[in-house]
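Take a look at the chains below.

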Amino acid sequence: MALQLSDKSISTKAKLEGWVDRNLKFIFTLPALLLVLALIIYPLIYTIQLALTDASRSTTRAKNFIGLENFVTLLHDTERFWPAVGRTVYFTGAGLIIETVCALGLALLLRKAFRGQGIVRTAILLPLVATPVAVGMMWMLIFQPSIGFANVFIEWFGIPAQGWLSDPGQTLNTLIFIDVWQWTPMMALILLAGLASIPEEPEEAALVDGASWLQRHIYVTIPMLKPAIFAAILLRAIDSLKTFDILYATKGAGGGSNHEAETLNVLAYSYSFDYQDYGIASAVLILFLILICGAVALVTVASKAGAK
Amino acid sequence: MKEITRRQSLIKIAAAATCSMFLLAGCSGNTDGGDAGSIEGTKINVNLAAGGWTNTVEKLLPEFESKTGVKVSLNVLGTEQLDNQYQVKLNSRSEDLDVMVYRPSQSTKLFADNGWLEDISDRVSGDEAWKWTDFSESSRAATTVDAHAFGVPLMTERDIIFYNKEMFAAKGIAIPKTMDELEAVAKALTDTTSGTYGVVMRGKANAAVTSFSSFLYSFGADWITKDGDSGIGTAEAAAAYQYYGDLVRNYGPPGATSLDGTEARGIFQQGKAAMYIDADSGAGLIEDATQSSVAGKVGYAAFPAGPAGAKPYDVTSWAAGVSAYSKNKDASWEFIKWATSSEVLNAAMSDQSSPSPRISSWADSAVTANYPEELVKIFSTYSSTAVGHDRPQVIQVNKARDIVGAPITVALEGGDVTAAAKQASNSFTEFLKTDK
Amino acid sequence: MIDVINSAAQKPSVGVAQVIRRTSPRKRLLGWIRAVAIIVVTLVMVFPLFWMLLASFKQNVDITNPDVFFFAPTVQNYINVLFANNFLRYGFNSLVIAAAATLIALIIGLPAAYAVSKYKMKSVSGFILLARVIPGISLLIPWYYIFAQIGLVGSFRALIITHIFVSLPLIVAIMSSFFEGMSTELEEAGQIDGLTVAGTFLRITLRLAIPGVATSAILSFIFSWNNFLFALILSGKNTTTLPAALYQFISYLGVDWGGLMAASVVITVPVMIVTIFLQKYIVAGLTAGATKG
């Protein structure tokens with residue numbers, strides 16, 4: 001290489017190049033790491049600090065250090081905190097399962113090439129690229145019980161008008177529907193690419209052996225697709241747990257009269273911006289962060305186990 | 001970790017020092033007296049909520065800018081986004097906020113307690129021509145804490161009955177004057193088969209607190225007693241919750257627990273409800289034919305009398321104040337003075353149906369010519385009976401609203417109201433201990 | 001990965017009709033069912049957006065009337081949005097911020113992604129992923145405080161920095177898996193020719209990775225364009241972006257539905273145009289992180 005070719009008097013340029021090459025790992029990653037560190041470290045310390053105090057009304061006024069009291073309060077709170085955990089898990093879990101199943105179906109549907117596939121693939125991408133705040137507003141209008149189109153539509157089929165977002169029992173499911181509408185396409189596209197990359201031989205062999213369509217997919221295709229499925233779930237799980245724009249646009253702070261749409265993210269928002277209880281809001285955020293990291297770890301472990 | 005924390009507190013001290021330096025500079029600037037000449041060329045940032053009065057200010061702003069030489073940047077936001085910005089910016093002691101338009105019943109105490117709003121007592125009383133005393137007494141009280149003025153009112157509103165004249169005429173029904181009559185009328189005008197309802201009101205717990213408050217007062221209770229204790233544990237309060245819940249559940253549209261003011265009004269605007277009981281400031285939209293299919297068919301009536309008489313709220317919904325961290329307090333005050341002058345408030349009232357806090361606006365026939373006559377009459381009758389707040393007057397208002405609003409949800413869903421009210425009262429008592 | 005997609009697209013596409021002609025009645029039926037299913041799914045995906053478009057041409061009184069398809073169309077909402085509400089300016093802001101954030105995130109992110117894939121730096125990519133994991137709400141007050149201290153609040157720079165934070169993990173995630181999937185033959189050849197590793201990256205690898213770079217750039221642009229939370233808090237009068245401006249249609253008295261829907265259309269259309277023209281790249285980008293086991 002350059003170093004060996006040069007004379008005893010190694011030029012400074014070559015010296016520099018050698019140094020750059022030896023430390024390339026760090027030179028290439030340092031700017032990105034520093035940027036993330038710079039933007040994340042202060043908020044993280046700040047949040048932990050606040051979570052150990054009774055900060056309320058304003059973050060700058062005198063506050064008392066109260067240790068882990070906020071966390072103890074939260075872990076004993078069966079009125080707001082645990083239901084919010086439950087809703088977060090339900091919203092993400094149910095959403096992910098439906099999205100995975102629908103996406104799998106959609107991917108299999110679109111797998112074989114057909115005329116007009118460019119148009120269809122573009123069309124199903126639209127929900128994904130539409131601005132989430134705008135999407136939330138749009139669905140709110142559609143689901144208004146008295147003026148929205150949803151009830152007009154189901155009445156065409158003789159189904160009585162529903163409360164949708166305004167019925168505490170249906171709110172979360174309606175929101176899951178919106179989530180499914182917006183994110184199934186992305187998962188379907190990931191799975192489509194996964195389908196394109198798996199070898200065709202095993203499937204053909206199964207066909208020759210007389211396996212039915214269902215058998216072929218359950219025993220051959222889907223197992224081969226597992227890495228793509230897990231990758232799609234991981235990608236989606238983080239964002240799904242953190243869903244905020246749509247919940248906020250449709251139900252506002254507090255998640256409705258019975259807190260029916262209050263997930264952990266909304267709860268943290270409510271405590272912080274609605275109640276000005278910054279201490280306990282920070283504690284919620286930390287527990288929330290732990291939950292997300294736990295979910296990421298779970299999916300990663302499951303995908304490793306699934307790959308074996 | 002420790003190292004970083006220490007450095008961080010150093011940053012904070014430095015920042016605090018910088019801020020207090022600016023504060024001192026600001027204060028010493030004040031003692032010179034607000035000489036209009038010195039503010040020429042300053043730039044101020046004004047945060048305000050989208051809607052009536054803001055439209056007028058936007059339209060007339062060039063007048064102010066050319067008169068004073070102050071450059072004004074208007075930052076128009078939704079109500080909740082406005083609150084969010086205040087919290088983020090003021091918690092960071094930001095200087096890039098000069099004039100704050102805010103909801104006094106929601107925020108005056110919190111902002112004053114946090115030291116976020118500048119005390120403008122001397123400024124409001126210092127200008128005879130502008131005339132602080134022209135603002136109604138209750139509106140001045142709404143922006144004042146312990147005899148210190150923190151803001152200037154710019155819009156007021158009262159709880160009234162909006163009614164659909166056609167529906168009332170079709171059945172020959174008279175306007176209700178008492179709670180009993182209100183229920184009877186609501187019952188008579190409800191026809192679920194055709195999807196028309198006797199009455200529509202707010203039902204979303206937090207939002208419904210304001211429209212419920214008039215019922216609470218008229219039944220003889222209040223959020224907080226004179227001794228500073230919870231007032232919602234009384235039999236009167238339970239009766240009010242029960243009445244409100246029954247009325248909306250039996251004679252209102254389904255899905256009531258999710259209706260906020262906007263959605264409730266939407267139903268009335270489609271001609272699907274005979275009555276809508278809410279703030280009179282909504283009249284402008286209800287009479288706008290591009291928004292409402294009942295425009296021109298709407299009558300206005302005073303709030304009905306309960307066991308304790310008719311005690312509707314009459315509140316100051318918006319006010320403008322100066323940020324305590326502003327470096328341009330003189331220019332900010334000049335802007336507020338202009339934007340709350342008779343000229344601007346009268347224009348807002350006649351062009352945008354934004355009810356003025358100035359008594360003189362209501363007596364000026366040029367202003368009221370464009371404003372529903374019945375509302376002017378209601379305004380004059382309310383001044384003696386009405387209550388000056390529509391939610392608990394505490395520091396952490398939203399937290400209190402969630403507590404006292406919970407029994408509304410129970411009542412709307414037909415649950416055990418007495419137990420819910422008692423439970424809410426206990427929580428509220430606990431809350432009041434901390435809210436000092 | 002990209003190759004896979006391209007080759008899939010390049011396979012001779014068989015029209016539904018052709019399939020039907022040379023198959024059995026049972027398969028023919030299945031073919032029709034498939035065609036119908038595809039059409040239904042497409043309609044479900046597109047209809048709500050069509051609804052938004054329809055509402056944007058209505059007066060508010062027509063929007064609140066469920067008798068939906070018969071109304072006198074108006075362009076007043078668009079006139080309000082584009083002229084009275086200054087949306088052209090907000091669109092310009094969004095464009096500047098999204099473009100700058102994407103460009104800088106690429107400059108920082110591409111080398112990082114390359115190092116992550118070449119040296120298997122899992123912990124580095126994990127740390128960068130943290131930027132995606134942390135809840136946005138916990139960032140608002142601290143960020144505002146920092147930016148206020150250094151006088152950047154309301155500036156383009158503050159918004160660009162925070163949007164890089166959104167774009168960077170995306171770019172690193174997509175590009176590291178893209179680099180991993182690339183053949184190393186040309187790189188090795190480059191090094192034999194006397195190029196340094198850094199030189200190889202700049203002159204050879206990057207050039208080969210252009211399709212992947214395009215993909216991640218487009219996605220980063222879309223996510224930045226759509227970001228609401230950071231812009232709401234950190235933008236000023238002159239730097240307001242489109243999603244933050246949307247809330248101007250919700251006044252304290254009510255919601256201007258027509259204006260809101262028109263504004264939503266105005267925000268969504270540029271991204272949709274990008275999508276329609278660059279559909280192929282976006283699909284490849286979205287799936288890049290997924291397919292290698």
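**A strand and its neighbours**

This is a predicted model. Begin in strand S8(B), where Ile277(B) is the bridge partner of Ile161(B). The two strands involved are S6 (residues 152–164) of chain B and S8(B), which run antiparallel and are joined by five bridges.

S8(B) has another partner. Strand S7 (residues 197–200) of chain B pairs with S8(B) over three bridges, this time in the parallel sense. Find Tyr197(B) here: Ala273(B), in S8(B), stands opposite.

How many residues of strand S8 (residues 273–279) of chain B are buried? Seven of its seven are, so the strand is mostly covered. In general, side chains of a regular strand alternate between the two faces of the sheet.

Now move to the contacts between chains. Start with chains C and A. Their contact takes 79 residues from chain C and 78 residues from chain A. On the side of chain C that touches chain A, helix H15 (residues 257–288) of chain C gives the most, with 14 residues. By class, that side of chain C has 59 nonpolar, 17 polar and three charged residues.

Turn next to chains B and A. Here the contact takes 29 residues from chain B and 23 residues from chain A. Several helices of chain B give two or more residues to the side that touches chain A, among them H1 (2–31), H9 (205–218) and H18 (397–412). What is the make-up of this side of chain B by class? There are seven nonpolar, 15 polar and seven charged residues.

Methods:
Residues numbered from 1 in each chain as written. Chains lettered and ligands numbered in written order. Predicted model: local features only at pLDDT ≥ 70, side-chain atom pairs only at ≥ 80, totals over all residues. Buried ≥ 20, exposed ≤ 12 C-beta atoms within 10 Å, placed from the backbone. Helix = DSSP H or I, 4+ residues; strand = E, 2+ residues; numbered from the N terminus. Pairing = 2+ DSSP bridges. Contact = placed C-beta atoms within 7 Å. Nonpolar A, V, L, I, M, F, W, Y, C, P; charged D, E, K, R; others polar.
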